[in-house]
Every structure is written in C-alpha cells, then in structure tokens.
Amino acid sequence: MGLFDIFKKKDDGIVLGAPMKGKCVSIREVPDPTFGEEILGKGIAIIPSDGRVYAPADGVVSTVFPTGHAVGVTTPDGAELLIHIGLDTVELKGEPFTIKVSADQNVKKGDLLIEADLEKIKASGKDTITPMVICNSDNWTNIESFAGRDVEPGDEVMKLSK
Amino acid sequence: MTMKQFQYTIKDELGIHARPAGLLVKKASEFKSTVSVDNGTKKGDAKKIMSLMMMAVKQGQTVTFTIEGEDEAAAAEALEAFMKENL
C-alpha cells in the first residue's frame, strides 16, 4: 500500500447528518425492541424538538410510507437509511405527517423530506423519538455513532465505512 | 433443485410496515435458502428490509413466497407460520 492509498483510505466513509433538530441518543435507548434491539439495523435516535425531517445525506428516496411516518433514503454508496418518525405512529394513519418527497426522487443532504406535527403525535399518546437506522448494516464493517448530545439538522451523527 | 412456494393474503390493516418487515427479515435470515416475495407488481428479497418495505404491501394483497435452498422445506414452514401469526 502506497502513501496515497493511506490518504485515500482516510475519507473512505459516509457521514450522515442528523435528520431532525433535537437530542441524539443511542438506538438502545429506544423503548421498542424492533429498534432498540437493532432488528432493523444499527443506528441512532433523535428526541426531536422540531418536526421537520431532512435528508441525512445525498441519495434517492427509496420508499415513503403512504402514512408519512417513515421514509427510506439510499445513498450513492448503497447505504440504506430508514427514518421512522415516532413509535407506533403507523397507527396514526398519516394524520400528523406531511410528505414532501416521493419515491425514486433524488435528494440532497438537508432537503426537507417530511414535516411532522410533534404536538399531535404527543397528544395521541405516542412517543416522538425518531430512530434512524442502516437497514443493510451488515454491509458495513464499521458504523460509528455520535450520540448523547443536542444536534441541529445536518450535524454529524453517524459514520459508515466498508 | 426444487423449490417451495406458498401464498399468503395480508390481513394486517397496516400492511407490511417497518416492524413486521424487520421481524420477517430476521426469521428469513435464520435459513440458508433464498426467500423472494412477489405481490404481483413488485418483487422483493425477504432477507433485505428496504427491499421488502419498497414493495409497500397492503392489506388484502396476496404475496407469493418462493424459497430455494437446502433448508427450503423448514424455511417455508416457518415463514408461513410467521405470516399467519404476524400479518
């Protein structure tokens, strides 16, 4: 391996920004085993203080649930991200969510994906904690997360490397 | 090689959403066989969460599972039981 390979290796990774403003916490703090036990993949969660959900990286919208409670983005490097706004919010049948993108649409980091009415979600008795997971976690040898602090949308919260 | 197939009509009013998709992937991944799912309009890989969720399978849709591999008989049986119990 030459000197230049070492430099190339250095930024060989995908940095993901916070999808929402709020407190970034470990995925293990999510009180739902589907997320907390990493069944859907490794990740972080945001306890949001604002309902706007932004693209954590450049990519393509792979799926938007018709109910607007979850959105998937696939990055050009093949990381499959899922952002799930609140817990059990599929049961709210779309009411607190406004979808701003459609499937197959190209997005840039920071583009608005969904607007959630956090007060409505809370009023319905649901938790607003929002997990962001890497559905194909097994494809990455290293997934770092930077939890335990307040974040603005776009602040670095995870880094993936092959 | 032979293969196993079964069909299942989704009863869950919310369709295959995130939680059941995750659990289904976990179940399918217990087996060596490949597991593909087809709802007539889209095909998916039952071992890949995003692939399953992109199918956006709704209540009332019939999905066909095709299982191929050395443990296909056991996998088909376990997956059919899983679908009946969860979806």
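This is a predicted model: local features need pLDDT of at least 70, side-chain atom pairs count only at pLDDT 80 or more; totals for chains, interfaces and linings use all residues.
Me: How many helices and strands does chain A have?
Reply: Helices (H or I, at least four residues) and strands (E, at least two) are DSSP runs, numbered from the N terminus. On that basis, the secondary structure of chain A comes to three helices and 14 strands.

Me: What radius of gyration does chain A have, against the value for a compact globule?
Reply: The radius of gyration is taken over C-alpha atoms, and the globule rule is 2.2 Å times the number of residues to the power 0.38. The C-alpha atoms of chain A fill a box of roughly 60 × 30 × 25 Å along the principal axes. For 162 residues a compact globule would be near 15 Å, and this agrees with the value for chain A, 16 Å.

Me: What percentage of the residues of chain A count as buried?
Reply: With C-beta atoms placed from the backbone, a residue is buried if 20 or more other C-beta atoms lie within 10 Å of its own, exposed if 12 or fewer, and partly exposed in between. Among the 162 residues of chain A, the buried share is 44%.

Me: Is A:Met158 buried or exposed?
Reply: A:Met158 is found in strand β14 (residues 156-161) of chain A. Two residues are in contact if their C-beta atoms, placed from the backbone, lie within 7 Å; leaving aside neighbours within four places in sequence, A:Met158 is in contact with A:Leu16, A:Ile44, A:Ile143, A:Glu144 and A:Ser145. Because A:Met158 has 26 C-beta neighbours inside 10 Å, it counts as buried.

Me: Which residue of β13(A) stands opposite A:Cys24?
Reply: Two strands pair if DSSP finds at least two bridges between them. Strand β2 (residues 22-26) of chain A is joined to β3 (residues 42-48) of chain A by five bridges in an antiparallel arrangement, with A:Ala45 as the bridge partner of A:Val25. β2(A) also pairs in the antiparallel sense with β13 (residues 149-151) of chain A, over three bridges. There, the residue opposite A:Cys24 is A:Arg149.

Me: In what order do the strands of the open sheet of chain B lie?
Reply: From the N terminus on, the elements of chain B run β-α-β-β-α-β-α. The edge strands of the sheet are β1 (4-9) and β3 (43-45) of chain B, each pairing on one side only, and the twist averages 25 degrees from one strand to the next. With antiparallel pairing, the order of the four strands is β1-β4-β2-β3.

Me: At about what angle does helix α3 of chain B run to β1(B)?
Reply: Axes are lines fitted to C-alpha atoms, for helices over the stretch in contact, and angles run from 0 to 180 degrees between N-to-C directions. Helix α3 (residues 72-86) lies across β1, β2 and β4 (62-68) of chain B, and its angle to β1(B) is about 5 degrees.

Me: Which residues have the most contacts inside the largest nonpolar core?
Reply: A nonpolar core is a set of buried Ala, Val, Leu, Ile, Met, Phe, Trp, Tyr and Cys residues joined through C-beta atoms within 7 Å. The largest one has 70 residues, and its largest share, five residues, comes from helix α1 (residues 18-28) of chain B. Those with the most contacts inside it are A:Val53, A:Val71 and B:Leu52.

Me: Which elements give two or more residues to the side of chain A that touches chain B?
Reply: In this interface, 16 residues of chain A are in contact with 13 residues of chain B. The elements that give two or more residues to the chain A side are β5 (59-64), β6 (70-74) and β7 (80-84) of chain A.

Terms used
Residues are numbered from 1 along each chain as its sequence is written. Chains are lettered from A and ligands numbered from 1 in the order in which they are written.
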